[in-house]
Amino acid sequence: MKIIKNKVKKGDDSLDKNDKFKLLEALKEDKHTLDDLATRFSRHKSTIRRWINDLRQEGYKISKHLPENGRKVNFSYEPSLLEIVENESFSPPYTDYDHPEEIPVSNPDNYAIGFVNTLFAGGRTNKKLFKNFLKYAEATSLDAVLITGNTLWMDLTRYSKYKPDRASNSDADLDHRLINYPDAVVKSGKDPKKLLEENKPVYITFKERLDMVIEKSLKPLFLENNSPIYNGNIYLTLGDMEEELARQHTNELVRVARNKELEAVNGKLRELKDTVKGYAKMITSLQREHSKLTKSVKDSDDTFIEEVTELEDDIDEIRSKRDEVFKEIDQWEEYRSRILMTNTSENFIKVASSQMLGYIINRIESAIPNSKVVSTGEAYIKINDKVGKIIPVANKLSGKPSDTLMTRLKRKISSELHQGAPVVDFVVAGGLSPERSREYTPIRQLEGPKTITVIQLPTCIDSAACELKSKNKVRIAGDDLAKLAQHPDFKSGAVVLRYINDILTAENLREEYLTNDDMFKDPESIKSFKLMDAAVFGDQHWGSRYMSLTEKVDNIVPTYKVAQELLRDIKAPLVAIFSLGDELQEKNYATETEPHPDILTPSQIELIVDEIDKIEDPQEKSIRMKKLIMRQTLRSGLLMPMSQLHEYLNNLDYDLIVETIKRADKVGLYGPAYLIVNGNHNAHTTFGMYTTSQLIAREVRLRMGAKNEEVVMEEKLMQRIMAPMFGSEGLYTGLWGVAPSVSHGDLLDQKESLEVALKQNNDYLYALYARHKQRSSKTGDNMKGSRDAFNSRGQAFRLTDNRDYLVLSAHDHMAGETSAKHGEHLRSMCFMERNSFGEKLDYGAPTIGFHVLRMPVGGYSAGPVITIDFPIEKIQQYAQNKLEVNTEELFHNSIVFYDKD
């Protein structure tokens with residue numbers, strides 16, 4: 001390295017303002033060695049070292065980075081947080097419905113976005129949980145990942161009686177190299193490295209703490225072997241924690257700025273008071289000289305009189321200057337009092353707050369590959385043609401742990417839509433929710449029905465660590481993570497929304513799966529999970545005037561009939577069908593007094609028929625007449641339950657049932673392939689003395705025997721087609737799942753078969769609990785009732801012992817799904833329109849349609865739980881011949897496809 005020595009003259013190595021500016025700019029850019037800087041500035045290394053020491057004397061933080069891997073010592077400038085923020089200009093990111101954040105997709109027929117909530121980097125984060133989610137995102141080609149806030153965790157209190165509780169939540173890796181104590185303090189023996197080794201107090205600034213959380217906790221979550229785990233785009237919205245960080249440290253910046261101004265004023269006052277002292281000394285000196293002269297002055301001595309007069313004039317002039325300084329001191333004292341006693345201007349605070357938020361955003365974006373913060377609050381995103389709304393937390397008053405966030409979220413969405421808010425396709429909310437819930441907000445637009453999916457995300461933190469901590473504490477006040485863990489169904493995880501052929505599939509990645517190392521060994525392992533598919537129907541209400549109808553190209557048909565056609569037509573690889581009650585309207589209450597608004601009087605029908613007769617095209621005339629007849633016939637309803645039963649049986653798709661049972665046998669399904677649960681409408685009609693579900697099951701067995709030569713005996717089908725009863729309503733409690741090594745016993749040997757099944761033999765069976773009616777809410781979170789009711793039962797049947805469970809229900813027409821600690825709850829959609837009963841009580845619109853539930857073969861640790869939605873608008877689209885489905889893509893990883901050869 002060539003150092004220019006000869007041209008350096010004596011005195012040229014002093015640090016002038018220009019040199020200082022250039023040196024600081026160089027040190028801001030990156031870390032530099034003395035050799036680098038000496039070459040850059042054409043100076044000796046000793047001169048550069050002296051310049052650095054001079055800068056330190058002026059208060060600039062020049063950090064010395066210790067050698068790593070044999071490299072030379074590096075220096076860099078560490079600006080204070082106030083300097084950084086003062087030099088930053090920031091405009092908060094903003095999105096709305098008309099200007100959403102547009103997310104590019106690679107395939108418009110199959111695109112997906114993953115959602116993660118509350119990473120709490122720096123706190124109790126299960127690193128494996130999130131890293132495996134990113135591996136899943138990469139392996140399954142997610143187009144983007146969105147993180148809904150609470151990305152960072154820092155204890156924001158200086159001290160309180162709950163500080164020990166909060167400190168135990170910290171997972172921060174303290175790095176002495178990121179703690180910049182002043183040199184004089186370090187030289188006195190208070191080296192942060194030594195203090196940390198000795199477990200002695202170390203005082204860390206906000207910037208240092210944030211740097212540690214970013215560098216040691218956040219950044220490593222996204223990297224493996226120094227490369228990004230997920231190579232797609234990552235979007236973030238800020239949560240309660242980031243907002244609180246900005247809020248608290250804006251106050252700190254205001255305090256620092258105030259102290260800085262106060263220090264400057266105090267310096268000015270010291271300077272002025274020193275000036276006064278100087279004037280006082282000058283006056284005292286002149287007064288002594290004046291005293292000496294006046295003692296020797298004679299009245300007739302003009303020379304001495306002139307000297308005395310000049311001294312007196314000098315004294316008066318200095319006194320005048322001193323008095324001016326006194327006046328200035330008074331003014332600065334008044335200004336100092338203003339600093340001490342009054343508030344800082346709101347304008348400065350607003351600017352500081354915005355810039356502080358910008359600083360935090362910049363730090364997050366710099367740590368996460370391919371990342372972008374899209375909003376500091378609510379956000380709108382657009383993926384392909386779907387627009388979604390992201391809400392950081394449903395309850396804006398608090399980011400505290402709560403299992404009632406979904407209730408607030410649904411009411412918020414419904415209220416906003418009522419007041420004219422734009423209609424989105426999905427809504428996703430963050431916040432400290434102990435579990436995942438997905439429900440619906442159906443709306444009726446002029447252009448047709450639309451079903452908005454509403455998701456309350458789970459957190460993505462270490463639930464086991466939080467639960468262990470909670471169990472070892474008597475009181476949990478002041479500790480949000482311990483409070484979160486006390487919820488009985490606390491379960492971490494992540495969610496993926498995928499649109500395949502414009503059909504929504506919701507992928508629930510439970511904690512058991514995301515922490516299963518065997519499933520995440522490599523990309524192929526990640527994609528190797530197997531799923532079993534079950535159609536979930538409920539509340540068909542056959543015979544009701546308000547039964548949902550679908551308009552086909554040439555007919556009006558009950559929606560349930562079209563739904564069965566759809567599944568058979570797309571060759572859905574079902575291994576089970578669940579019908580969860582109220583298949584018939586029966587005589588639940590006096591429905592004969594509730595005529596449907598579509599029912600026409602004879603004179604109205606006559607007028608319409610006259611208009612139809614004027615149509616010249618015979619095909620169009622025939623279709624119009626057929627639709628008129630079918631609509632009026634179906635809207636008239638069937639009053640007699642027996643008539644309803646006959647019509648229902650005539651409209652069942654027996655080919656769909658036959659094919660489903662064949663597949664169940666082929667893959668080795670244990671448990672029912674067609675389960676019918678008796679509902680409350682039958683219980684209210686016949687008081688349990690006449691059971692519709694068992695009649696349906698028997699009739700289906702007989703008709704299937706007549707329809708398919710491979711199925712000839714009713715007894716053989718009793719283990720496949722079930723309608724279990726408990727009192728006047730249906731209740732199924734049993735084992736269910738793909739388990740080829742466990743065969744059903746003969747009709748009279750079920751006990752032996754069950755004992756074999758309980759041993760599992762390396763196959764996994766779920767504990768299935770299915771009923772029609774379970775606690776719910778028509779106006780709030782209907783799935784919380786399902787969780788609470790099931791938990792209240794305790795261990796009501798032994799099959800749940802140490803076993804994942806699945807709870808199915810129907811009844812409230814609202815639909816939804818939610819995760820529990822060891823199971824999943826799903827409530828079916830319905831096939832019933834809003835009737836006068838719901839109108840009278842101002843209930844929300846029913847969720848019409850059905851689900852296909854995709855359960856992982858081998859338990860919740862063996863793969864994601866996926867739900868495919870077929871709401872009314874998709875069924876209507878199919879009826880109009882406008883729905884194209886790639887079955888193998890939509891039902892990817894089906895156990896049927898794995899075994900198709």
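Q: Does Arg635 count as buried or exposed?
A: Heads-up: this is a predicted model, where local features need pLDDT of at least 70, side-chain atom pairs count only at pLDDT 80 or more, and totals for chains, interfaces and linings use all residues. Residues are numbered from 1 along each chain as its sequence is written, and side-chain values use heavy atoms, leaving out hydrogens and water. Buried means under 20% relative accessible area, exposed over 50% and partly exposed in between, with a 1.4 Å probe and protein chains only. Arg635 has 2% relative accessibility, so the label is buried.

Q: Which residue's side chain makes a polar contact with the side chain of Arg635?
A: A polar contact is a pair of N or O atoms within 3.5 Å; within protein, one must be able to donate a hydrogen and the other to accept it, and residues adjacent in sequence count only if both atoms are side-chain atoms. The side-chain partner, at 3.1 Å, is Glu833.

Q: Where is Arg635 found?
A: Helices (H or I, at least four residues) and strands (E, at least two) are DSSP runs, numbered from the N terminus. Contact means heavy atoms within 4.5 Å, and beyond neighbours within four places in sequence Arg635 has contacts including Tyr546, His596 and Asp598. The element holding Arg635 spans residues 618–636 and is helix 20.

Q: How many disulfides does a search of the whole structure find?
A: A disulfide is a covalent bond between the sulfur atoms of two cysteines. Here the test is a pair of cysteine sulfur atoms within 2.5 Å. Cys460 is buried at a relative accessible area of 0%, and Cys830 is buried at 0% too. Searching the whole structure for disulfides gives a count of 0.

Q: Which residues touch the most other members of the largest nonpolar core?
A: A nonpolar core is a set of buried Ala, Val, Leu, Ile, Met, Phe, Trp, Tyr and Cys residues joined through side-chain atoms within 4.5 Å. The largest one has 82 residues, and the top members by that count are Met532, Phe578 and Trp736.

Q: Which residue's side chain is joined to that of Asp425 by a polar contact?
A: Asp425 sits in the loop between helix 13 (405–418) and strand 12 (426–429). Even so, at 15% relative accessibility, Asp425 counts as buried. Its contacts beyond neighbours within four places include Asp385, Thr451 and Tyr499. The 3.1 Å polar contact between side chains pairs Asp425 with Lys450.

Q: At what angle do the axes of helix 2 and helix 3 cross?
A: Axes are lines fitted to C-alpha atoms, for helices over the stretch in contact, and angles run from 0 to 180 degrees between N-to-C directions. Angles under 35 degrees count as roughly parallel, over 145 as roughly antiparallel, 65 to 115 as roughly perpendicular and the rest as oblique. Helix 2 (residues 34–41) and helix 3 (residues 45–57) come within 9 Å, crossing at roughly 100 degrees, which makes helix 2 roughly perpendicular to helix 3. Leu37 and Phe41 in helix 2 are among the residues meeting helix 3, at that crossing of roughly 100 degrees.

Q: How far apart are the C-alpha atoms of Ala494 and Phe130?
A: Ala494 belongs to strand 15 (residues 493–500) and is buried, with a relative accessible area of 0%. Along the chain, Ala494 and Phe130 are 364 residues apart, yet their C-alpha atoms are separated by 8.6 Å.

Q: What is phi of Asn893 near?
A: Asn893 lies in the loop between helix 30 (887–890) and helix 31 (895–898). At 16% relative accessibility, Asn893 counts as buried. Phi has a positive value here, in a residue other than glycine, and is near 65 degrees.
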